[in-house]
Amino acid sequence: MSSTKPESVINVKTPSATGRETLSITDNRTGRQYEVPIKNETIRALDLRPMKVNTEDFGLMGYDPAFTNTASCSSKITFIDGDKGILRYRGYSIEELAEKSTYIETAYLILYGELPNKSELADWSYNVTHHTFIHESIKKFLDGFHYDAHPMGMLISTVAALSTFYPDAKDIFNPESRRKQTYRLIGKMPTLAAFAYRHSLGMPFAYPDNDLSYCGNFLNMLFRTTELKYRPNPTLERALDILFILHADHEQNCSSTAMRCVGSSHVDPYCATAAATAALYGPLHGGANEAVLRMLVEIGSVNNVPAYIKRVKSGEKLLMGFGHRVYKNYDPRARIVKHIAYEVFDVMGKNPLIEIALECERIALEDDYFVSRRLYPNVDFYTGLIYQSMGFPMTMFPVLFAIPRTSGWIAQWEEMLLDPEQKISRPRQVYLGHELRDYTPLDRRD
Ligand code: CMC
């Protein structure tokens with residue numbers, strides 16, 4: 001794993017400050033000097049292009065594998081200060097939203113920039129609620145999956161399949177069309193997820209119940225059996241709602257970047273959401289909650305934690321649910337999640353794996369390996385324990401991340417579409433392969 005420390009930067013003698021919002025660059029290959037504007041603490045990579053040795057050269061580029069220090073867009077949706085452990089949606093702190101808001105209200109905030117008034121919230125809830133049904137043909141499609149198919153695979157495929165049911169979604173520069181697809185996506189993601197879960201159990205699908213809240217209805221579609229009316233446990237319903245608020249957006253992470261990047265080709269939002277969901281599936285991103293639980297099960301007991309941490313420090317393993325590209329402090333979401341865990345345990349009984357998790361955290365927060373690399377628990381460290389206690393199988397954990405993140409993906413997609421500076425995503429490369437060479441016929445190759 002590579003470090004992101006800027007080791008190659010050479011500090012030269014600092015002349016006195018001029019107060020100008022510019023960066024002076026001397027190209028030592030030519031001795032030429034350049035002054036590049038600084039705006040919002042960034043320089044434009046294209047301003048490097050005129051820096052050439054010969055006129056026919058391509059010009060200088062930035063080299064930034066994995067975008068560790070490159071802003072690919074400007075955004076007004078989510079603010080993170082990774083050093084201070086701050087997360088805000090549209091200016092509102094995650095702590096306040098988790099305490100006072102609901103997921104459906106937060107989704108509106110993320111998508112439309114402001115908290116809704118009463119009638120806006122009522123309309124929004126109505127429209128999302130009335131787009132929860134899926135076409136009966138999608139059920140047939142789901143039936144084609146093996147009983148042990150991972151629900152993320154089923155979710156990715158069925159979201160992509162929605163594209164074939166709604167060809168009007170291709171009209172991406174029509175605000176009305178975008179609004180309609182937004183209702184559909186936010187409304188149907190829980191239905192697709194719940195149907196995937198029921199398929200894996202071999203149980204009949206449970207249809208949406210419009211009388212219930214967004215999360216209450218999701219629990220209904222997952223867990224209803226013979227009862228005429230499913231009544232979600234209010235503590236579990238609220239716990240899930242808060243978890244959905246915490247997962248709603250996280251600025252330019254891997255899956256949002258996938259959403260923007262794929263969406264920049266002007267494909268419809270269902271295909272772009274399928275791509276984002278696929279990006280989320282990986283164990284370094286939204287699949288980490290599942291990976292954490294598998295790790296805790298593998299560790300098995302509190303006594304085995306020191307030996308496991310030793311394997312992590314030797315580079316043999318990762319401590320899943322620890323570390324973050326942006327947070328170099330305690331992930332503010334993890335703090336809230338830890339608190340919710342105990343509320344859920346009060347209803348469902350304590351998850352025995354919590355002791356192993358707490359011991360991992362205790363050792364890691366004192367150990368120089370983790371302290372020096374500023375590795376703290378991230379949102380995924382405790383969520384799996386909650387989901388398991390609520391009765392979800394491990395394979396459903398990433399799905400529980402994907403459902404609420406859909407609001408963030410759509411907001412990022414729409415912001416990208418409406419940004420006049422954005423074009424189809426197309427990074428450059430540094431080509432280090434062969435120069436032109438002659439084709440060798442097959443019979444002359446070793
Ligand atoms: N366990 C052990 N060592 C780690 C871990 C970890 N979980 N995370 C980072 N490191 C080490 C890494 O080996 C490297 O060490 P060195 O400097 O000696 O090479 C150093 O810390 C910096 O790590 P990095 O891999 O360069 O950092 P990154 O920004 O590229 O990766 C990350 C961020 C989240 C992918 C990584 O921390 C990781 O793999 N964590 C475990 C998976 C995980 O929990 N992912 C969920 C992220 S939060 C939810 C989400 O947004 O999706």
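Residues are numbered from 1 along each chain as its sequence is written, and side-chain values rest on heavy atoms, with hydrogens and water left out. Because the model is predicted, local features need pLDDT of at least 70 and side-chain atom pairs count only at pLDDT 80 or more, whereas totals for chains, interfaces and linings use all residues.

Helix 16 spans residues 380–389 and is mostly covered, since 9 of its 10 residues are buried. Here buried means under 20% relative accessible area, exposed means over 50%, and partly exposed lies in between, with a 1.4 Å probe and protein chains only; helices (H or I, at least four residues) and strands (E, at least two) are DSSP runs, numbered from the N terminus. The buried residues of helix 16 include Phe-381, Tyr-382, Leu-385, Ile-386 and Tyr-387. The buried residues of this helix pack against helix 8 (234–246), helix 11 (288–299), helix 13 (332–348), helix 14 (353–366) and helix 17 (397–418), where contact means heavy atoms within 4.5 Å. Just after helix 16, Gly-391 takes a positive phi of about 100°.

The structure holds 22 aromatic pairs, a pair being two rings of Phe, Tyr or Trp (its six-membered ring) with centres within 6.5 Å, counted as stacked if the planes are under 30 degrees apart, edge-to-face if over 60, and tilted for the rest. The rings of Phe-223 and Phe-392 form a tilted pair, because their centres are 5.4 Å apart and their planes lie at 50°. Phe-223 belongs to helix 7 (residues 214–223) and Phe-392 to the loop between helix 16 and helix 17, so this pair ties together parts that are 169 residues apart in sequence. Phe-223 is partly exposed, at 23% relative accessibility, while Phe-392 is buried, at 3%.

The pair of Phe-322 and Phe-381 is edge-to-face, because the ring centres are 5.1 Å apart and the planes stand at 90°. Phe-322 lies in the loop between helix 12 (305–313) and helix 13, and Phe-381 lies in helix 16, so parts that are 59 residues apart in sequence are tied together by the pair. Phe-322 is buried, with a relative accessible area of 10%, and Phe-381 is also buried, at 0% relative accessibility.
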